[in-house]
Amino acid sequence: MSPEPEKVAVDVEGRSLVLTNLAKVMYPETGFTKGHVIDYYLRIAPALLPHIAGRPLTLKRYPDGVTGQHFYAKHAPDHRPSWVRTERLYSPGSLSGQDWVRYVIAGDLPTLIWTANLAGLELHTPQWRLPHQGEPDLLVFDLDPGAPATIVECCAVALLLRPLLEELGLEPFAKTSGGKGLQLLASLSGVTAGLSSDQASTLARELADQLGREHPGAIISNMKRALRPGKVLIDWSQNNAFKTTVAPYSLRARSKPTVSTPVSWDEITGCERPADLVFTSDEVLERVAEHGDLLAPLTAAQPG
């Protein structure tokens, strides 16, 4: 049998791409290859792209797979195709020594496939979209369990946080982190519409602090690692304009190709063991085919 070619020229919605090293194994435990990564992002794109459209993209790249070296890529590479959209944006503390980054702006299928071909397994974005830099359209809470706590305890905390958000007129939605945690997202609307990132961070911290006071044995809002064992950290800090969160439907660089997966409140209520809320790429494609995008309401009123 002939070996798979090192390079394959393809057309994606009228854009020319050369895909490379498709047989390279990205997830050794399962044999999931770079070709599988690209195929997953191609198939999940209708659900994924509305969530990242217009957002500056930070890639977590794994050129040698999940067991190899990795790095965060904010600056758009010089060798990018001419049709890849980029924007020069203020970004204090950049490792380049400059207070700006030329980001890739996500949102179209050719760019998504191009990033997958770069072994950009994970996609991370802020809570705002251009042209509204630093003006969030989402409020996010990252529920991070400290062992021996698990996502089961995160679900219990999510059920406590949900009514607090609803009292503010917000409708929270949930997704797994694709790792050990859970994330709640809500569109900023009503009394929270027009909040700055600083104001959104303050609001998120107030709610996290409130639950920490009410449930000190189970919840913390303090970032100190020494306080985390056995508790769930409500990380409110990802509402900062210069921080990012893993995107819905992004792969994660774990032993298996798990995905940051939207989940229902019934699934959260019924979660009894961590495995209940672990989903691989194939399972996520099946879920979307059956149920559609559970986070679709978050993209219903995108700023523009």
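## The end of helix 1

Helix 1 is followed by Gly54, whose phi is positive, near 80 degrees; helices (H or I, at least four residues) and strands (E, at least two) are DSSP runs numbered from the N terminus. This is a predicted model, in which local features need pLDDT of at least 70 and side-chain atom pairs count only at pLDDT 80 or more, while totals for chains, interfaces and linings use all residues. Residues are numbered from 1 along each chain as its sequence is written, and side-chain values use heavy atoms, with hydrogens and water left out.

## A kinked helix and its surroundings

Between its end C-alpha atoms helix 1 (residues 34-52) spans only 22 Å, whereas a straight helix of 19 residues would span 27 Å at 1.5 Å a residue, the expected span being 1.5 Å times one less than the number of residues. A kink of about 75 degrees lies at Ala45, shortly before the proline Pro46; the bend is the angle between axes fitted to the seven residues ending at a residue and the seven starting there.

Among the residues of helix 1 that are buried are Tyr40, Tyr41, Ala45 and Leu48, where buried means under 20% relative accessible area, exposed over 50% and partly exposed in between, with a 1.4 Å probe and protein chains only. What covers the buried residues of helix 1 includes strand 2 (15-20), helix 2 (109-117) and helix 6 (281-291).

## Pocket and cavity

The largest pocket holds about 400 Å³ of space, and of the 20 residues that line this pocket, the closest to its centre are Tyr72, His124, Gln238, Thr244 and Thr245. On a 1 Å grid over the protein atoms alone, a pocket is an open set of points with protein on both sides within 12 Å along at least five of seven lines, a cavity is a set where a 1.4 Å probe fits but cannot get out, and lining residues have an atom within 4 Å of a point.

The largest cavity has a volume of about 140 Å³, a volume being the space filled by probe spheres set on the points, which are joined across faces, edges and corners. This cavity is lined by 15 residues, of which Thr125, Gln127, Leu138, Leu185 and Pro248 lie nearest its centre.

## Ser221 in its loop

Ser221 lies in the loop between strand 13 (219-220) and strand 14 (232-235), and it counts as buried because its relative accessibility is 14%. Leaving aside neighbours within four places in sequence, Ser221 is in contact (heavy atoms within 4.5 Å) with Ala208, Asp209, Leu233, Ile234 and Trp236.
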